[in-house]
Amino acid sequence: MKRASTLRLLSDLSDFSNANRLREVLAEEPLARVRASPDGRHLLLLRPPGSAAPLLLVSRKGAGLEPCCPAGQGPVLDAFFLQCPGWAGSPRPVLALVWANGRAEVWSTGVHPGWQLLQQTELCVSSKAKVVAAAALGNRLVWCEERPASAEVAEGSVQAAFSHCVCTRALESHGETSAILGAPKTLLHHCPHFQLLASRSDFFMVPTATTWPNVAHILLIWYPGKGRVIVAVPAQNFTYSKNLSPKGRDSWDFRSLLQRVPGLLSGGEPLDIHTCGVAQGSLLLLSPKGAVSLIRRDGGARVVGILGYGLLSQGVPVSVGVFNNTFACVLGSGLELLDMGNGRLLERKVLSTDRVHLLELSAPWIDEEEENKGGLRLLSASGLFCMAWEVGKGVEWLNSEDLVFEEACHYYQRRSLLGARLTTDELRKGSTFRAPLALASVLRGHQPPTKLLTDLQTELRDYHGLERLKTRLVAGDGQEEGWTELAEREVERLLRSDLTGDRLSQLNAVFSVFPAAAWCSTRRALQLQLDEAGQLKSQAPPDLWKKVLMDTVADGARPPFELLCQCLCRLEPCWLPPFVELAQQQGGPGWGLGAGGPGPPLYRRALAVLGDWAGARAGALELELLLGSGRPKAVLQAIGQLVQAGQWERVLDAGLALSPSSPLLQMEIFTVLLAEFARHRQLDAHLTRLRHLCPPDLTPTDLLLLLKRHLPDEEGPPAPFPKVGADPPLTVGLLRGLLEQARSKAQTPSPYEDILWDSGACPPHPKNRHYPSQGQSNQSKEPGARNSMN
C-alpha cells in the first residue's frame with residue numbers, strides 16, 4: 001500500500017529544564033549541534049565557536065541545570081556524552097568537553113545538585129598541538145590532532161599535510177562516584193586531516209577539504225572491538241583490511257599502511273562531500289550536486305539516489321539521517337524522503353521552520369509509545385517530533401518489481417507504432433517482452449550482493465566442471481568413470497530444481513540407467529549418515545526433503561520417493577526401512593499431497609514399490625516397514641504375521657519398543673500375546689518379558705477376565721495329567737508372575753486377594769500334647785467305676 005508519513009508531537013519542550021532558553025537557542029542558531037545522552041534524558045546544544053554561550057545543557061526531569069561550560073576557557077570544539085563501564089546501572093550522565101587547544105574536562109551529576117567536575121586533563125602531548133576533530137562512542141573518546149612541524153618543513157608541503165595523528169582515550173571508573181579518562185593511545189601516525197564520525201560500533205575517518213588531494217579519495221573505518229582498520233575507496237568500491245596492532249604494537253603509520261596496497265594512490269578523484277552523517281551503522285555522503293551515497297561498515301559503497309537539482313544552496317543548514325529504510329534530508333525548511341532500495345522520491349515536505357535538527361535513533365526516549373519507536377526524531381523550537389510511516393488506503397505503493405514494469409511500459413510505449421496503450425498487467429502476463437520479466441524475477445528475491453555472488457560462483461563452477469567433463473567424454477578418456485560422474489552431477493542439478501514435468505522424467509531416466517550413481521548423489525545431497533546409536537540421520541534442509549517426498553505425477557514418471565525406494569531395493573535393501581522411517585520424521589504436513597488431494601502415507605508408498613519384488617527378502621522388508629510405520633493398524637498387521645510364524649522374540653521386541661510411545665498399542669499387543677499364552681505353552685519361556693509388557697492400568701481382575709475369554713473349552717472331565725502329545729494346561733503357578741505384576745501396578749485391591757496370595761508364612765504348628773499310657777488310663781477310670789457302682 002502507499003506509505004504516508006505522519007508527524008507526531010512527542011514533547012513541546014516544557015518538560016525540559018531551561019525550556020525557554022532551549023527554545024531561544026533552537027530558534028536563533030540554525031547551525032547549532034545537538035547531542036542526546038544514551039538514556040535519552042538529556043539534550044546538549046553546542047553553538048558554533050565564537051558564541052557568547054557555546055554550551056547549553058538541559059535535563060528532561062528535575063530542577064534546572066545551568067550551563068556547565070566554565071568561563072574564560074574559549075569556545076568548546078565539541079562535547080559528548082560518554083558511558084562509564086562501572087556505572088552500567090546508574091542514570092547519571094558523564095559529559096566530556098573538548099577544546100581546540102587540547103584541553104578536556106569530564107563532568108557528571110552526583111549527590112549534590114548541579115554538575116561536578118571530575119577531571120581536567122590535556123589530550124595533546126605537545127602544548128603547541130591542537131585538536132581539529134573529535135568523536136565519541138561508548139566510553140571511548142577519539143580525536144585527530146595536528147602536531148607542530150619542524151622549522152625545516154614548509155607550510156603546504158607533503159610533510160606538513162601528513163602531520164596529524166589519531167589518538168584515543170577510554171573513560172575508566174574510579175569507585176561509584178568518580179570517573180577519569182585513561183592513558184592516551186595513538187592509533188595512526190603521519191595521517192592527513194580527518195573528520196571523525198562515530199556509528200553504533202565503529203569510527204569513520206572521512207577526508208576534509210584540507211586533506212592532501214592524493215589521498216582525499218580514501219577513507220578509513222576503525223573497528224575498536226576487533227582492533228582492525230579498513231581502507232576504503234568508495235569511487236572504485238575497493239576495500240583493504242588490516243589489523244591495527246601487528247606484533248603487539250598499538251599504532252600504525254598511515255603512509256606505510258597505504259604503501260602496502262599497490263595502485264591505491266593513483267587514479268583517484270577527491271571525495272566531493274557537502275554533508276556527511278552516520279545512521280544505523282553506515283556513513284551517508286551528500287555531494288554538492290545532490291548525489292546520496294551509502295558507505296557500509298565493511299567499506300562497500302552504493303548510490304542511494306539523487307536529490308532535486310538546485311536544492312543545495314549556500315548557507316542553508318543540511319542534516320541527513322535514515323529510518324525504516326528511508327533516507328531523510330533536512331534542507332532548511334524542506335524535508336526530502338527517498339527510498340533506500342530504489343532511490344525513488346517518496347515525499348517532499350515543507351516545514352513550518354527552517355531550523356530543524358535530526359537526532360540519532362540510538363537514544364531510548366522516555367515514555368514513548370510503541371508506534372513511535374524506530375521513527376525519525378526532529379527537534380525544533382516548536383518541540384520534539386517523531387516522523388513515521390503509516391499505510392494509506394486505496395493507492396498501491398510501487399516496489400522495485402513494480403518500478404521495472406512501469407519503466408518498461410514507458411520504454412516500449414515510446415517505441416510502439418500502435419495507438420493502444422500498454423499496461424503493466426500485459427507485461428506481467430504476456431511472454432512477448434521477456435527482459436522486464438527476467439529483471440523482475442531477479443529483483444523479487446531481494447538477495448544481498450554477497451549472497452547473490454556466492455550463488456553465482458557455485459553455479460558457474462558447476463557448469464565449468466560439467467563442460468570439462470563433457471569434453472573428456474567426447475575425447476574418449478575414462479568413459480565409465482566419466483558417465484558415472486556425469487550422472488551424479490545431473491542428479492544434483494535436478495534435486496536443486498523443481499521436480500516437475502520434464503525434469504522428473506529426466507530424473508527417472510538417470511535412475512533407471514545409472515542407479516548406483518544416482519543413489520550416491522542423492523545420499524550426498526540428503527547428507528545421510530549413521531549416528532553413534534546406529535540410527536540413520538540427515539542434515540539436509542527441509543526444502544530438499546519436501547522435493548523428495550512430494551507425490552508428483554508426470555506422464556507415468558515415478559515420484560522421487562518411489563525412485564529412491566526402488567533403487568534401495570536393488571542396491572541396498574537393508575537401507576530401505578530406516579530410510580522410510582527417516583523420511584516419515586522429516587516429512588511435514590501436506591508434503592505427501594498429490595494432484596487429487598491427500599496421498600497415501602510413506603510406508604504404503606514404499607510397500608507399493610516393494611510389491612514388484614518377490615521372495616523371502618521382500619516379506620522381511622514388508623514386516624520392517626509395517627513395524628516402523630508408527631501406524632497402529634500397520635503395526636498390528638505385522639504383529640499378526642509374526643504371531644502366525646511363531647516369532648515370539650520379535651513380537652516382544654516390537655511390543656517393548658513401541659510401549660513408551662503408545663499405551664493403546666501396548667494394550668493391543670499384550671492382549672494378543674495373552675490370548676496365545678492361554679491357548680498353548682510356547683510363551684512360557686518368555687514369561688519374564690511378557691510381564692514387562694503388562695500395561696500399568698491393568699488390574700488382576702481384568703487380567704483374569706481376559707484369560708477366561710481365550711481359554712480353550714474343556715472336552716471332558718479334568719484329568720490329573722495331560723494327554724500324550726498335548727500341551728499341559730494353564731496353572732495358577734504360571735499365572736502367579738503376571739498376577740503379581742498386575743497387583744503391583746493396580747491402584748485398588750482385588751477381590752481375589754485372599755485366594756491367590758497367602759501371607760507368605762506357614763500356619764502355626766500345634767502345641768505338643770501328652771497322651772497317657774494304657775496303664776494310666778485304666779487307673780484313672782477305676783475310681784469313677786467304683787463311684788458309679790456305689
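## The largest cavity

The largest cavity has a volume of about 30 Å³. A cavity here is a set of points, on a 1 Å grid over the protein atoms alone, where a 1.4 Å probe fits but cannot get out. Its volume is the space filled by probe spheres set on the points. The model is predicted: local features need pLDDT of at least 70, side-chain atom pairs count only at pLDDT 80 or more, and totals for chains, interfaces and linings use all residues. Residues are numbered from 1 along each chain as its sequence is written, and side-chain values use heavy atoms, without hydrogens or water.

Leu495, Leu507, Phe511, Thr522, Val548, Pro560 and Leu564 form the lining (an atom within 4 Å of a point). Helices α9 (502–513) and α12 (560–571) each give two or more residues to it. The lining divides into six nonpolar residues, one polar and no charged.

## Strand β6

Strands are DSSP runs of E, at least two residues long; helices are runs of H or I, at least four. Both faces of β6 are covered. Val94, Ala96 and Val98 lie on one side, with Leu95, Leu97 and Trp99 on the other.

## Partners of β6

Strand β5 (residues 76–82) pairs with β6 in the antiparallel sense over six bridges (pairing needs at least two by DSSP). Val76 stands opposite Trp99.

Strand β7 (residues 103–109) also pairs with β6 in the antiparallel sense, over five bridges. Ser108 in β7 is the bridge partner of Val94. Three residues separate the strands of this hairpin, where Gly102 takes a positive phi near 100°.

Technical notes
Buried means under 20% relative accessible area, exposed over 50%, partly exposed in between (1.4 Å probe, protein chains only). On a 1 Å grid over the protein atoms alone, a cavity is a set of points where a 1.4 Å probe fits but cannot get out, and a pocket is an open set with protein on both sides within 12 Å along at least five of seven lines; lining residues have an atom within 4 Å of a point. Ala, Val, Leu, Ile, Met, Phe, Trp, Tyr, Cys and Pro count as nonpolar, Asp, Glu, Lys and Arg as charged, and the others, Gly among them, as polar.
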